[in-house]
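Me: I would like to understand how the words used for a protein structure follow from the values behind them. Could we go through some of them slowly?

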Amino acid sequence: MAAESPIAAEDLFRGLLDSAPDPIVIVDGSGNIQMVNRQVERVFGFERDELLGRPVEVLLPERLRANHVGERRRYMENPRTRPMGVGLELFGRRKDGSEFPVEISLSPMRAGRDVLVTSIIRDLTGRKEVENQLRATAAELERSNAELEQFAYVASHDLQEPLRMVASYTQLLARRYSGKLGEDADEFIGFAVDGARRMQELINDLLTYSRVGSRALELEAVDVGKAVDGVIVDLGGAIDDSQATVTRDDDFPTIEADPRQVQQIFQNLIANGIKFRRADVAPEVHVSARREDDTWHFAVTDNGIGIEQQYLDRIFVLFQRLHSRSDYPGTGIGLAICRRIVERHGGTIQVHSKPGQGTTFEFTLTNGRKKA
Ligand code: ADP
């Protein structure tokens, strides 16, 4: 026979109740409070004696009480363990009238003929505060991001005009006065012409970059193979100059995408494949497409200088370049534009490279389903 516990059952029950971390209220079938634990006193600010025998609605804001009486009667018709008011915002009310958000779980318990209902109440004040703070921070971030986008767009757009002026007049100076003002002057004018041209490139690329972010995507059926052919024609000058060979697979899909942006991404990647060539071999760039499940993967592979492993993440960041302009011209915006285009289409872009052997950029345009 088991030894009788030295602790009386009621004391054990009380002790358990009081050691629970959350307020617990036990009510009878008529909704009158039969028992509360210590946490109820602490959280709601009532003494135990002020609550016993009173309707449980005393712990609710007044505006919710009438409704609660109806809800509690309905619960008693089919009492079972469940959370209260799923999807609703629930509130408790302290003795001083202040309210706080709560989460409540209910469980029925048979006691002789009566059914008692245990409510475990969790004070959500802290959690709600964190949620609200997070929401406010996210909204603030979104706002400042939009502001920044707008700023980049307006700044690059408005700078174009005065810059055009500077560029054309420095070019004019160069044409008219070259050889007439002395060697120094020729050199200075040369720097000014070069600086203005570089700034124009930067501003144009920046404008393209911010347009990709701010314009709505214009989705239509794009024959990707044709788009690639168009880019190869456009790059004819660079291809001839470098004696490059640019080829593509035969089988390309038609996808739903923004045609200008599709063109832009191939343009940047193929141009890079030609630009970052090795001195010892003529550049070869191949564009391929393969289907995996429902997604098309496009790739641009070159036999150029390659990229060291540790720089692979960095190159997609705005203005990040691995070389000086005298070695390879550029603004460091092309790949940032590519990543933006891909992400706006719901895809991803990756790069694999072997330094000294070549590089492959692979991307998906997930939004682009194959047309039947
Ligand atoms: P840009 O070409 O104007 O420098 P990008 O954003 O297109 O700017 O590229 C960023 C950097 O990534 C380049 O400066 C270069 O160092 C590296 N890179 C891009 N494409 C290639 C490539 N095909 N082969 C080797 N390096 C590349």
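Reply: What follows is a set of questions and answers about helix packing and aromatic rings in this predicted model.

Me: Why is helix 6 called roughly parallel to helix 10?

Reply: Helix 6, which covers residues 183–214, packs with helix 10 at an angle of about 10°, and their axes are 9 Å apart. Angles under 35 degrees count as roughly parallel, and therefore helix 6 is described as roughly parallel to helix 10.

Me: Which residues make that contact, and how do they divide by class?

Reply: On the side of helix 6 the contact is made by D205, T208, Y209, S210, V212, G213 and S214, and on the side of helix 10 by A336, I337, R340, I341 and R344. By class, this contact of helix 6 with helix 10 has 5 nonpolar, 4 polar and 3 charged residues.

Me: What describes the packing of helix 9 with helix 10?

Reply: Helix 9 (residues 259–275) and helix 10 (residues 334–344) pack at an angle of about 145°, with their axes 9 Å apart, and helix 9 passes helix 10 in a left-handed crossing. Among the residues that meet are Q261, I265 and L269 in helix 9, and L335, C338 and V342 in helix 10. The contact of helix 9 with helix 10 has 7 nonpolar and 5 polar residues, but no charged residues.

Me: What makes the aromatic pair of F252 and F298 stacked?

Reply: The ring centres of F252 and F298 are 6.1 Å apart, with 15° between the planes. Centres within 6.5 Å make a pair, and planes under 30 degrees apart count as stacked, so the pair of F252 and F298 is a stacked one. F252 lies in the loop between strand 8 and strand 9, whereas F298 lies in strand 11, 46 residues apart.

Me: How do you know whether F252, F266 and F298 are buried or exposed?

Reply: Buried means under 20% relative accessible area. The value is 11% for F252, 1% for F298 and 0% for F266, so each of these residues is buried. Together with F363, they form one aromatic cluster.

Methods. Residues are numbered from 1 along each chain as its sequence is written. This is a predicted model: local features need pLDDT of at least 70, side-chain atom pairs count only at pLDDT 80 or more; totals for chains, interfaces and linings use all residues. Side-chain values use heavy atoms; hydrogens and water are left out. Axes are lines fitted to C-alpha atoms, for helices over the stretch in contact, and angles run from 0 to 180 degrees between N-to-C directions. Helices (H or I, at least four residues) and strands (E, at least two) are DSSP runs, numbered from the N terminus. A crossing is left-handed if the near helix is turned anticlockwise from the far one by less than a right angle, and right-handed if clockwise. Contact means heavy atoms within 4.5 Å. Ala, Val, Leu, Ile, Met, Phe, Trp, Tyr, Cys and Pro count as nonpolar, Asp, Glu, Lys and Arg as charged, and the others, Gly among them, as polar. Angles under 35 degrees count as roughly parallel, over 145 as roughly antiparallel, 65 to 115 as roughly perpendicular and the rest as oblique. Rings of Phe, Tyr and Trp (its six-membered ring) pair if their centres lie within 6.5 Å; planes under 30 degrees apart count as stacked, over 60 as edge-to-face and the rest as tilted. Buried means under 20% relative accessible area, exposed over 50%, partly exposed in between (1.4 Å probe, protein chains only).
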